[in-house]
Amino acid sequence: MTDRNSMDDKALLAAIAGRDSEALQELHRRYSNMLLALAQRVLGNRTDAEDVLQDALLQVWKQAERYDSKRSSVSTWLVLITRSRAIDRLRSRRVVDKTVTAVSLEKPSAHTSPQGVGNVFNLERRHRLQQEMSRLPSEQRQVLELSFYQGWTQREIAESTSIPLGTVKTRTLLAMKKLRKALQDEIRELL
Amino acid sequence: MSEMDEMGDRDVELEPGEERAIWEALESGLAQGEPTDELRREYAELVGLLPYALEPQEPSEHLTARLLAAVRQDQREDHLHRSVRQLTLAHASRRKWMMPLAAGLMLWMGGVSFWLYRQAGEQKSAIAQLTQQLSTAEARTARLVSMQEKYAWSRANLALVTAPGVGVCSLGRASEDAPAAARGALYVASDHQHWYMMVEGLEPSAEGYAYQLWFVSQGVPVSGGTFEPRPGAPVELASDKMPPDVDAVSITLEPREGATRPTGPEILFGDEMVQVL
């Protein structure tokens, strides 16, 4: 029997497209910690976040053959599916709170994975992302997080924060440009 | 205002295509149907990295179990669809030669009509009889396809109610005014999404009214659909979607087009889910 632990992500997806449920379990083991954190960050609710994660992984199970390695890495594909599902769920709940909350670091919850779960590589990546995100001015980080985690358009951000639309757009572009430059190595690993 | 914020009102220096790549990455993540250049790919991967800044959250064992149950259910349905497809293909091969037969009959009838046109009125009854036979054959074919579809549906529901981890909620009369024979049972698969319900003993609803199913989640009713039972026939409903955290099930009598919340008399109710397998 093929050891799924040793398969790279693309090989795992190809196996899933061939209806290999153990390959899906391995993908779940590798990425669900991060994907669940993403869903929970969007929805603010663990129950909904787990539902969304289950839906996302089922979508991967049913549509693995649609993955195109020319467009993204496997991890980015998973992030985009999960984010899309979470934002759809958020919108359908019609409980989008337009009040802007202060940007804050994620607080650990009872379900936080202990250090070392996943692998050292993911831990290092997390430290790098946290480091670079914290280096962004709070105004730029705020608009970026509203755009990415809440799925707000630039116009919605401008209306809710009473910041001119042009300024919102510029802050977002600056934030993304800085992050791309700072995280060049991490991005190249995924290309 | 921070230094960076002051810069926010100035133009940002961007490479050609960079602004588009950024909005694309933030809004949809991936460009669809267009070639992906390196800049767009880099911003897509940047967006894919953002969640790594979050504290990872370990999924519950319950989630993992639900996922595996849903995958197994999908594998069973896949197998069932393949079986039905084989039956349909076998049926299609029969239809293949029935169509040339029907075409041949039509051609023959045309010849006969031409002969009749020349003979005027002698074979009219023979033509009527052949037309009737063709209609009967087509109706039989349609019934066979319908029976196969119902068979596949029944098999899927049988798989659900006998699957490991299925929960059952009995529905009983909500009041003394409900029909004495009214009762039902809701079967919920371990993924808490697929469900099957059978209800019997309901009287046909009056003109302009229908029964409506409600899933009650933390006191909030969510409609599961409306139905109008035929006299003496049980009602079967099934779906692959169910609201989360359902703690009770109710059936009320509502206007035929359905209500946004329960307004009519409650007929059946159940709030105890028992895991049977």
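Modeller: Between chain A and chain B, the count is seven salt bridges, a salt bridge being a side-chain nitrogen of Lys or Arg within 4 Å of a carboxyl oxygen of Asp or Glu. One of them joins Arg19(A) to Asp74(B), with the closest N and O atoms 2.5 Å apart. The model is predicted, so to speak of local features requires pLDDT of at least 70 and side-chain atom pairs count only at pLDDT 80 or more, while totals for chains, interfaces and linings use all residues. Residues are numbered from 1 along each chain as its sequence is written, chains are lettered from A and ligands numbered from 1 in the order in which they are written, and side-chain values use heavy atoms, with hydrogens and water left out.

Between chain A and chain B there are also 24 residue pairs in polar contact, both residues being at pLDDT 80 or more. A polar contact is a pair of N or O atoms within 3.5 Å; within protein, one must be able to donate a hydrogen and the other to accept it, and residues adjacent in sequence count only if both atoms are side-chain atoms.

On the side of chain A that touches chain B, the elements supplying at least two residues each include helix H2 (21-43), helix H5 (120-135) and helix H8 (165-182). Helices here are DSSP runs of H or I with at least four residues, and strands are runs of E with at least two, numbered from the N terminus. H2(A) gives the most to this side, with 13 residues. By class, this side of chain A has 28 nonpolar, 26 polar and 19 charged residues; Ala, Val, Leu, Ile, Met, Phe, Trp, Tyr, Cys and Pro count as nonpolar, Asp, Glu, Lys and Arg as charged, and the others, Gly among them, as polar.

In total, 73 residues of chain A are in contact with 57 residues of chain B, where contact means heavy atoms within 4.5 Å. The size of an interface is often given as the accessible area lost when the parts come together. Here the buried area is about 6,300 Å², of which carbon and sulfur atoms give 62%; this is the accessible area (1.4 Å probe) that the two parts lose on being put together, summed over both. Arg71(A), Leu173(A) and Arg180(A) supply 12% of the area that chain A buries against chain B, more than any other three residues.
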